[in-house]
Amino acid sequence: MGRLSFDIFCRVVDNFGDIGVCWRLAKQLASTTGVKAVRLWVDDLHSFARIEPRLNAVADPASLAGVDIVHWTSAAPDLMPHEIVIEAFACDPPPHFIERMIERRSLWINLEYLSAEPWVESCHALPSLQANGLSKAFFFPGFTPATGGLLREKSLLADRDAWLADPAQRHRLLRDIGLPEARIAQLHAGARQILLFAYPGLPTAGLLHALSNDATPSIILVPSGVCPELARGQHGSVYVHGMPFVSQPDFDRLLWSSDLNCVRGEDSLVRALWAGKPLLWHIYPQEDDAHMVKLDAWLALSPFRPPIAHLLKAWNQHNDQACGTLLQQALASSAWTEWQGASTAWSRQLTQLPDLAGQLVTFAKARKTNVG
């Protein structure tokens with residue numbers, strides 16, 4: 001069969017997580033063999049531009065990195081659907097677009113949120129016949145071979161290792177985000193670099209307590225608007241630096257070069273996993289602590305020993321006292337070395353899974369062939 005074309009629909013619900021996933025997916029699909037066109041529909045271009053600065057320099061509609069970008073509004077252009085239509089996280093394409101999908105016989109895929117829960121495997125890629133005659137398939141990213149895998153560029157780990165091998169690049173990036181030269185020198189001398197990207201309510205007092213009681217000084221990099229309750233500046237042996245938002249490639253590079261990554265949601269979690277460094281995941285809070293069930297499922301798949309699991313639970317329960325004590329223990333020499341080793345090993349293990357974009361292309365080709 002011929003090369004495939006994709007539409008991806010994205011509603012920005014959580015500021016950056018939804019568009020972060022969709023933009024990475026769109027770029028990866030556009031660079032995948034067997035794909036001829038990718039079009040990304042986004043309702044919030046302002047949030048999009050925070051993680052893709054090039055968007056400010058092009059007209060609407062735009063084309064970047066081989067992806068056509070459409071501002072998804074009530075007055076969005078009436079375009080013919082591509083062969084494959086992906087709605088990210090059940091955002092529902094416009095009714096008139098769905099009508100044209102029926103004419104085109106488009107393959108409809110609902111890209112679900114990332115989850116480690118066991119039930120995901122039995123639901124992955126299942127079709128659901130819609131009242132209009134179209135069949136919608138539910139596609140679940142995940143951490144096991146029975147799921148859709150994780151977003152990962154083919155050259156990602158090679159790019160990571162090449163970047164880490166050139167300390168001058170790290171210096172330039174730190175200067176670009178406004179870190180004072182004296183602090184950069186501190187990092188070169190062995191201070192701990194921490195990237196902090198979290199939802200509101202983080203146990204920052206526990207974080208500062210643990211870091212202040214550690215022999216190694218720490219520098220925390222915090223994007224603008226994140227954790228406003230954490231005062232920027234000096235806190236004993238800890239320095240908190242407010243930095244601007246950066247592009248996705250630079251965000252990856254900060255994760256690669258940090259010693260501890262505190263991340264949130266879905267997109268930054270996966271990117272932190274590819275960094276292979278110790279991480280603290282701030283999972284998206286849900287009512288009735290439903291997010292803690294998801295955290296437990298993720299921890300059950302991880303190689304992390306009980307002390308790190310307890311730390312991650314305290315981190316997500318916003319327990320300053322427990323978090324401070326457990327993190328201080330995790331930073332101790334032998335525990336820290338073990339955490340580093342487990343993080344590196346899991347990153348390497350996850351690279352053995354097929355990547356999400358490749359899985360989507362394989363699935364689409366099989367379904368289109370069967371339908372044809």
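1. Domain separation. The centres of domain 1 and domain 2, taken over C-alpha atoms, lie 29 Å apart. Domain 1 covers 4-151 + 354-367, and domain 2 covers 155-352. These bounds come from an automatic or database domain assignment. The model is predicted: local features need pLDDT of at least 70, side-chain atom pairs count only at pLDDT 80 or more, and totals for chains, interfaces and linings use all residues. Residues are numbered from 1 along each chain as its sequence is written, and side-chain values use heavy atoms, with hydrogens and water left out.

2. Domain interface. In domain 1, 22 residues are in contact with 25 residues of domain 2 (contact: heavy atoms within 4.5 Å). About 2000 Å² is buried between the two domains, 59% of it on carbon and sulfur atoms. Buried area is the accessible area (1.4 Å probe) that two parts lose on being put together, summed over both. The rule finds 2 salt bridges across this interface. A salt bridge needs a side-chain nitrogen of Lys or Arg within 4 Å of a carboxyl oxygen of Asp or Glu.

3. Helix 1 and helix 9. Helix 1 (residues 17-30) packs on helix 9 (residues 248-257) at about 105°, with the axes 12 Å apart. The two helices are therefore roughly perpendicular (65 to 115 degrees). Axes are lines fitted to C-alpha atoms, for helices over the stretch in contact, and angles run from 0 to 180 degrees between N-to-C directions. Helices (H or I, at least four residues) and strands (E, at least two) are DSSP runs, numbered from the N terminus.

4. Contact residues. Helix 1 contributes Gly20, Trp23, Arg24 and Lys27; helix 9 contributes Gln248, Phe251 and Asp252. By class, the contact has 2 nonpolar, 2 polar and 3 charged residues. Ala, Val, Leu, Ile, Met, Phe, Trp, Tyr, Cys and Pro count as nonpolar, Asp, Glu, Lys and Arg as charged, and the others, Gly among them, as polar. Arg24 also forms a salt bridge with Asp267 (2.8 Å, N to O).

5. Salt bridges overall. The whole structure holds 15. One pairs Arg39 with Asp7 at 2.6 Å, N to O. Arg39 sits in strand 2 (residues 35-42) and Asp7 in strand 1, 32 residues apart.

6. Arg3. This residue lies in the segment before strand 1 (4-10). Arg3 touches Gly34, Val35, Lys36 and Glu83, not counting residues up to four places away in sequence. Val361 is 358 residues from Arg3 in sequence, yet 9.9 Å away in space, C-alpha to C-alpha.

Conventions
Angles under 35 degrees count as roughly parallel, over 145 as roughly antiparallel, 65 to 115 as roughly perpendicular and the rest as oblique.
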